[in-house]
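Please open the model in a viewer and keep the selection panel at hand.

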Amino acid sequence: MRILVIASHPDDETLGCGAQIALHRDAGDDVRVAVVADGVSGYKWSREQSIVKARQRRKDEFMAAMEILGVSDIVYLGLVEPLFLKQQAVKSFVRELLAFDPHAVYTHMPTDRDDDHKMVAQSVLIETRFWARPFASLEAVYGFPIPPVNDTSRLTVVRGFHVETMERRKIAAWNCYVSEQERIGDRVHHPRTGPNLRSQAHVWGSWIGQPYGEAFEPLAARVS
Ligand SMILES: [Zn+2]
C-alpha cells in the first residue's frame, strides 16, 4: 500500500498523523511525507539567529522526526510563508506528488483555522477529484486536525494504537521539534505540550475502546 501525507509545515505531519505514519511503516507500507512550507517564515527570530539557520534547523528537526517514524521518502518544498498567496504553486506541487499513485492521502482539514493549512487541504481536494483525473489506486482522502481541535464532529474515522506507538514514535518525533518546544516554553496549557497531546489521543482512543487514537475527517472516498 502507498500512503501520501501532505502537510503545510514541518511538524504538522507528526501532530496530525504521526502514529498513522509509524503504523503504516511498521506494516510495510510505502509512506511518502511531503511538506510545503519551511515552517519558520512567520516566526520572529532572535538577533543572533538568521533566517537561513532557522530554516535549516527546522528542516533538520523534520528529518530527525521522520527517522523516528521510519520514513525515508521525504519531499520538502520549503516554500516561504504565507502559503495562501501561492495556491498555484501548491496545487502544482500536489499534482506532482500524486504521481506516487497513493492508495490513501492524509492532509489538513479544509475547516482548519490556519490559512496555510486550509489552503493546502483545498489544493489536495481540488487535485484529487476522482471525476477529473484517472487515479489507479486512490481510495480515500483523510483530513487530520492540528491541535487545538475546534470541530470534533467531523472526525468520524479513528485509528487506535498502544502506548509504545504513542511514546516511542509520535511523542518522540514531536520532541525532535525543539524549536517548537522552545516556543511553547513553560505554557503548560498550550494544546501541543506532550501531556496535552497524550490527553487528546486518549480521548480519541476511547471513542473506539483503544488506549490512544488519532482521528480524521473523511474528505473523499471511492468504493469499488
Ligand atoms: Zn502548521
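A residue is called buried if 20 or more other C-beta atoms lie within 10 Å of its own, exposed if 12 or fewer do, and partly exposed in between, with C-beta atoms placed from the backbone. The model is a predicted one, in which local features need pLDDT of at least 70 and side-chain atom pairs count only at pLDDT 80 or more, while totals for chains, interfaces and linings use all residues. Residues are numbered from 1 along each chain as its sequence is written. Helices (H or I, at least four residues) and strands (E, at least two) are DSSP runs, numbered from the N terminus.

**Helix 3**

Select helix 3, residues 87–97. Val90, Phe93, Val94 and Leu97 are buried here. They cover an arc of only 100° around the axis, which places them on the same side of helix 3; the arc is that of the directions from the helix axis to the C-beta atoms. An α-helix has 3.6 residues a turn, so residues three or four places apart point the same way. Gln88 and Ser92, on the other side of helix 3, are exposed.

Next, display what the buried residues of helix 3 pack against: strand 1 (2–7), strand 2, strand 3 and helix 4 (115–127). Contact between two residues requires that their C-beta atoms, placed from the backbone, lie within 7 Å.

**The loops on either side of helix 3**

Select Pro82, in the loop between strand 3 and helix 3. Pro82 has 14 other C-beta atoms within 10 Å and is therefore partly exposed.

Then move to Asp101, in the loop between helix 3 and strand 4 (104–108). Asp101 is not a glycine, yet its phi is positive, at about 55°. Is Asp101 buried or exposed? With 11 C-beta neighbours inside 10 Å, Asp101 counts as exposed.

For comparison, select Asp11, in the loop between strand 1 and helix 1. Asp11 also has a positive phi, near 120°, in a residue other than glycine. Asp11 is buried, because 24 other C-beta atoms lie within 10 Å.

**Helix 2**

Select residues 51–69, the 19 residues of helix 2. At 1.5 Å a residue, helix 2 should span 27 Å, and its end C-alpha atoms are 27 Å apart, which agrees; the expected span is 1.5 Å times one less than the number of residues.

Colour Arg58, Glu61, Phe62, Ala65, Met66, Ile68 and Leu69, which are buried in helix 2. They cover an arc of only 160° around the axis, which puts them on the same side of helix 2. The face turned away from that buried side carries the exposed residues Val52 and Lys53. The packing partners of the buried residues are helix 1 (12–26), strand 2 (30–37), strand 3 (73–79), helix 5 (163–174) and helix 6 (178–184). Just after helix 2, Gly70 takes a positive phi of about 85°.

**Helix 5 and its partners**

Ala65, Ile68 and Leu69 in helix 2 meet Arg169, Ala172 and Ala173 in helix 5.

Met166, Ile171 and Trp174 of helix 5 make the contact with Gly194, Leu197, Arg198 and Ala201 of helix 7.

Centre on Met166, which is buried, with 24 other C-beta atoms within 10 Å. Leaving aside neighbours within four places in sequence, Met166 is in contact with Ala19, Phe161, Ile171, Arg198, Ala201 and Tyr212.

Finally, select Ala215 in strand 7 (residues 212–221). Ala215 is buried, with 24 other C-beta atoms within 10 Å. Not counting residues up to four places away in sequence, Ala215 touches Pro145, Leu155, Val157, Val158 and Trp204. Phe144 is 71 residues from Ala215 in sequence and 6.8 Å away in space, C-alpha to C-alpha.

End at Pro148, in the loop between strand 5 (140–144) and strand 6 (157–161). The peptide bond from Pro147 to Pro148 is cis, with omega near 5°.
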